[in-house]
Amino acid sequence: MEQVKLSQSLEDYLEMVHMLRLANGIARVRDIAAALSVKMPSVAKAVIELKKLGLVTQEPYSGIELTVEGECVAAQILNRHILLKGFLIKLGVSEAIADKDACCMEHILSAETLVKIEEFMKPADVKPSAKNTKSAKKK
């Protein structure tokens, strides 16, 4: 399954669909519009684009559902956001600013940079213990 390249705007819409479904069990056009501070026709246009890409489905007058691929892509976007927000908070940035900046950064950082930030954020105690090392050498 090839990764779809989304614009920053479509990533934001897809991430919000995912977040609203996690929080409320449903993502409605009006809720997405309110959360992103945009007008409902903008959301409707984005949903049409996400449908064309096979990432969401929507029956008339019902909530927006993620396809299997849409769920995967949305989870990756949200995880990137959470990683970057945590990284910024660890640097001492306030939570509100970290959230705002993470939203901008998640769209522009390279995969290499994201991997390095992820490695940096892993707890230091993940190294193999002496006990595990000894048993590995015996085998």
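Which helices each supply at least two residues of the lining of the largest pocket? In this predicted model, they are α1, α4 (68-90) and α6 (111-121), and the legends below take up the pockets and then the packing of the helices.

**View A. The largest pocket, with a volume of about 430 Å³.**
Of the 21 residues that line this pocket, Gln76, Ile77, Arg80, Glu106 and Leu114 are the closest to its centre. Helix α4 gives the most to the lining, with 6 residues, while α1 and α6 are also among the helices that each supply at least two. Sorted by class, the lining of the largest pocket holds 10 nonpolar, 6 polar and 5 charged residues.

**View B. The second largest pocket, with about 190 Å³ of space.**
The lining of this pocket is made up of Asp12, Glu15, Met16, Met19, Leu36, His81, Asp99, Lys100 and Cys103. By class, the residues of the second largest pocket divide into 4 nonpolar, 1 polar and 4 charged.

**View C. The packing of helix α1 against helix α4.**
A packed pair of helices is described by the angle between the two axes and by the distance between them. For α1 and α4, the axes come within 9 Å and cross at roughly 95°, which means that α1 is roughly perpendicular to α4, since angles of 65 to 115 degrees are counted in that way. On the α1 side the contact is formed by Glu11, Leu14, Glu15, His18, Met19, Arg21 and Leu22, and these meet Gly70, Glu71, Val73, Ala74, Ala75, Ile77, Leu78, Arg80 and His81 in α4. Taken by class, this contact has 8 nonpolar, 3 polar and 5 charged residues. Glu15, Met19 and His81, which take part in this contact, are also among the residues that line the second largest pocket, and Ile77 and Arg80, which take part in the contact as well, are among the residues closest to the centre of the largest pocket.

**View D. The packing of helix α1 (residues 8-24) against helix α3 (residues 40-52).**
These two helices pack at an angle of about 95°, with their axes 10 Å apart, and α1 is therefore roughly perpendicular to α3. Leu10, Tyr13 and Leu14 are the residues of α1 in this contact, and they meet Ser42, Val43, Ala46, Glu49 and Leu50 in α3. The contact of α1 with α3 has 6 nonpolar, 1 polar and 1 charged residues. Leu14 meets residues of α3 here and also belongs to the contact of α1 with α4.

**View E. The packing of helix α2 (residues 29-36) against helix α3.**
Here the angle is about 115° and the axes lie 9 Å apart, so that α2 is roughly perpendicular to α3. The crossing of these two helices is right-handed. From α2, the residues Val29, Arg30, Ile32 and Ala33 meet Met40, Val43 and Ala44 in α3, and this contact has 6 nonpolar, no polar and 1 charged residues. Val43 of α3 takes part in this contact and also in the contact of α3 with α1.

Key:
Residues numbered from 1 in each chain as written. Predicted model: local features only at pLDDT ≥ 70, side-chain atom pairs only at ≥ 80, totals over all residues. Heavy atoms only, no water. Axes fitted to C-alpha atoms, helices over the stretch in contact; angles between N-to-C directions. Helix = DSSP H or I, 4+ residues; strand = E, 2+ residues; numbered from the N terminus. Parallel < 35°, antiparallel > 145°, perpendicular 65-115°, else oblique. Contact = heavy atoms within 4.5 Å. Nonpolar A, V, L, I, M, F, W, Y, C, P; charged D, E, K, R; others polar. Left-handed = near helix turned anticlockwise from the far one by under 90°. 1 Å grid on protein atoms, 1.4 Å probe; cavity = no way out; pocket = protein on both sides within 12 Å on 5 of 7 lines; lining within 4 Å. Points joined across faces, edges and corners; volume = space filled by probe spheres on them.
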